[in-house]
Amino acid sequence: MTEAAAPPDYPHGVKLGVDVGTVRVGVAVCDRDGILATPLRTLARNAKKNTDVRILAALAAELDAVEIFVGLPRTMKGEEHASARMATEYATLLAGALRGAGSKVPVRLVDERLSTVTAHRNLHQAGMSSRDHRKVVDQVAAAGILQHAIDMQKARGTEVGVRVNAEPVPGPAGDGAAAETAVHAPAEQEPAEHTRSSDHGRLQ
C-alpha cells in the first residue's frame, strides 16, 4: 500500500488577481480548485480616499478568498520603476485594509510582465474594438496575473510571489488606509519569456 502524496504547500480556495493602474484597478477571480482565472470587475482608483482598496477588501471577504495576488510590473531586466512602486504601495494599502478588518488573507506581489499588452491582444483576437477595450482590459489583465500565479503554484507545488504584511496606521482621514510594509519572501524567478508592458501602459 503506497503512501498518499503530501498536499501542495499553498492555500486552496478562491483567489483574487489585481491589476493596478492610476485610473482603474482590474480584479479577477479563480475557482476554488485554482484551475481557471476569470475577469471579475473594474474599480475606479481613488488615491485620496482609497475607497477602491476598501471595496476590494470587502470583496475578498464576500467571496471568502484565501489569497490575493497583485501584479508587480518589472522591466525585461527585472528592474522596478514607478509602476512597480505604485503596485507595491497598493498592495501595502490592501494588506492594511484587510488586517484592519480583522482578515488574515495574504497579499502577494507576483511578476506581471506584459499582462496589459497580452490582455489587449486577446481582446483584439476576440473581435472587440479598441474603443471598447478600456471597459474590460484591466480585469482581463488581472485574470492573466492570477492565471500565471495559480499555474506556477501548481507547477511548483508551493507558494509563489512576495508576501506583503502591513500594520494599519492612521491615514489622512484617520481611517487606517495607510500602512507600513514588511516583505518576508524573496521574489520568485520567472521564466524569461514573460516580458512586461511599458510603464506608460501600466500608468494609464
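Guide: Let us begin with Asp64, which lies in the loop between H1 and strand E4 (67-72); helices (H or I, at least four residues) and strands (E, at least two) are DSSP runs, numbered from the N terminus. This is a predicted model, where local features need pLDDT of at least 70, side-chain atom pairs count only at pLDDT 80 or more, and totals for chains, interfaces and linings use all residues. Residues are numbered from 1 along each chain as its sequence is written, and side-chain values use heavy atoms, leaving out hydrogens and water.

Visitor: Why is Asp64 called partly exposed?
Guide: Buried means under 20% relative accessible area, exposed over 50%, and partly exposed in between (1.4 Å probe, protein chains only). Asp64 has 49%, so it counts as partly exposed.

Visitor: What makes the phi of Asp64 worth a remark?
Guide: Most residues other than glycine have a negative phi. Asp64 is not a glycine, yet its phi is positive, at about 55°. Asn50, in the loop between strand E3 (37-44) and H1, is also not a glycine and has a positive phi of about 55°.

Visitor: Is Asn50 buried or exposed?
Guide: Its relative accessible area is 7%, so Asn50 is buried.

Visitor: Why is H1 called oblique to H2?
Guide: The axes of H1 (residues 51-62) and H2 (residues 82-100) come within 9 Å and cross at roughly 55°. Axes are lines fitted to C-alpha atoms, for helices over the stretch in contact, and angles run from 0 to 180 degrees between N-to-C directions. Angles under 35 degrees count as roughly parallel, over 145 as roughly antiparallel, 65 to 115 as roughly perpendicular and the rest as oblique, so H1 is oblique to H2.

Visitor: Which residues of H1 and H2 make the contact?
Guide: With contact meaning heavy atoms within 4.5 Å, H1 brings Asp52, Val53, Leu56, Ala57 and Ala60, and H2 brings Tyr90, Leu93, Leu94, Ala97 and Leu98.

Visitor: How do you know that Gln139 is buried?
Guide: Gln139, in helix H4 (residues 130-156), has a relative accessible area of 12%, so it is buried.

Visitor: What makes the pairing of Gln139 with Thr42 a polar contact?
Guide: A polar contact is a pair of N or O atoms within 3.5 Å; within protein, one must be able to donate a hydrogen and the other to accept it, and residues adjacent in sequence count only if both atoms are side-chain atoms. The side chains of Gln139 and Thr42 make such a contact at 2.9 Å.
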